[in-house]
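My notes come after it.

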Amino acid sequence: MEGETFLWLIRHAPVDGVAGTIHPADAPANLGDRAQLQVLRQCLPRSAASYASPSRRTVETAQALGLAPELMPEFSEQDFGAWTGRRHDEIDAAGDEAYAQFWSDPARGRPPGGESFEDQVTRVRLGLSRIGAGSAALVVHSGTIRAALCIALDLTPHAALRFVIDPLSLTRIDRLATGWRVVSVNQRTA
């Protein structure tokens with residue numbers, strides 16, 4: 001790919017739903033933090049292309065930032081399969097052996113009917129390869145940002161899961177001719 005690519009990765013606003021739930025793609029965003037949305041809006045380059053996961057919460061966040069993103073399924077959150085829509089504490093309390101096994105190796109573990117974080121990294125790599133030179137704003141999920149950092153820093157997927165990525169935070173990475181550069185991770189300025 002020719003030219004340099006400057007990426008502004010924004011985690012979506014908090015989900016407007018029950019905490020501790022593995023939220024489905026149609027879960028809405030809570031856009032009440034207007035101060036942080038305004039700060040993020042001011043941080044984004046005016047001429048940037050914009051992309052988002054097709055999930056409702058990312059699209060709503062992008063729109064609140066004044067973006068009209070191209071929706072890219074490659075940037076969706078990790079697919080938790082049969083666990084989607086359920087609360088972590090309920091799955092754990094039910095004694096689901098697959099759930100306990102998943103957390104013993106969360107980078108390679110695959111929920112029933114879902115995908116591993118390693119699978120997500122592969123998918124995100126494909127999505128990033130589709131973004132051309134110039135500036136781009138991506139409104140995505142914490143797992144998507146961790147996957148992008150995994151790629152940029154050439155980390156193992158297990159190591160990339162150590163990053164904390166808060167709602168409405170900004171992570172900046174650049175794809176240069178000589179490799180990747182990480183500018184900042186998980187910035188909240190409001």
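The points below cover ground rules, cysteines and salt bridges.

1. Ground rules. This is a predicted model, where local features need pLDDT of at least 70, side-chain atom pairs count only at pLDDT 80 or more, and totals for chains, interfaces and linings use all residues. Residues are numbered from 1 along each chain as its sequence is written, and side-chain values use heavy atoms, with hydrogens and water left out.

2. Cysteines. The whole structure holds zero disulfides (a disulfide is a pair of cysteine sulfur atoms within 2.5 Å). Cys150 is buried at 4% relative accessible area. Cys43 is partly exposed at 34%. Buried means under 20% relative accessible area, exposed over 50%, partly exposed in between (1.4 Å probe, protein chains only).

3. Salt bridge count. There are ten salt bridges, each a side-chain nitrogen of Lys or Arg within 4 Å of a carboxyl oxygen of Asp or Glu.

4. Glu70 and Arg130. Their side chains form a salt bridge, 3.5 Å from N to O. The pair links distant parts of the chain, 60 residues apart. Glu70 sits in strand β3 (residues 70-71); Arg130 lies in the loop between α5 (117-129) and β4 (134-140). Helices (H or I, at least four residues) and strands (E, at least two) are DSSP runs, numbered from the N terminus. Glu70 is partly exposed at 39%, and Arg130 is partly exposed at 44%.

5. Arg172 and Asp174. This salt bridge spans 2.7 Å, N to O. Both residues are buried. Elsewhere, salt bridges with shared partners join Glu70, Glu74 and Arg130 into one network.
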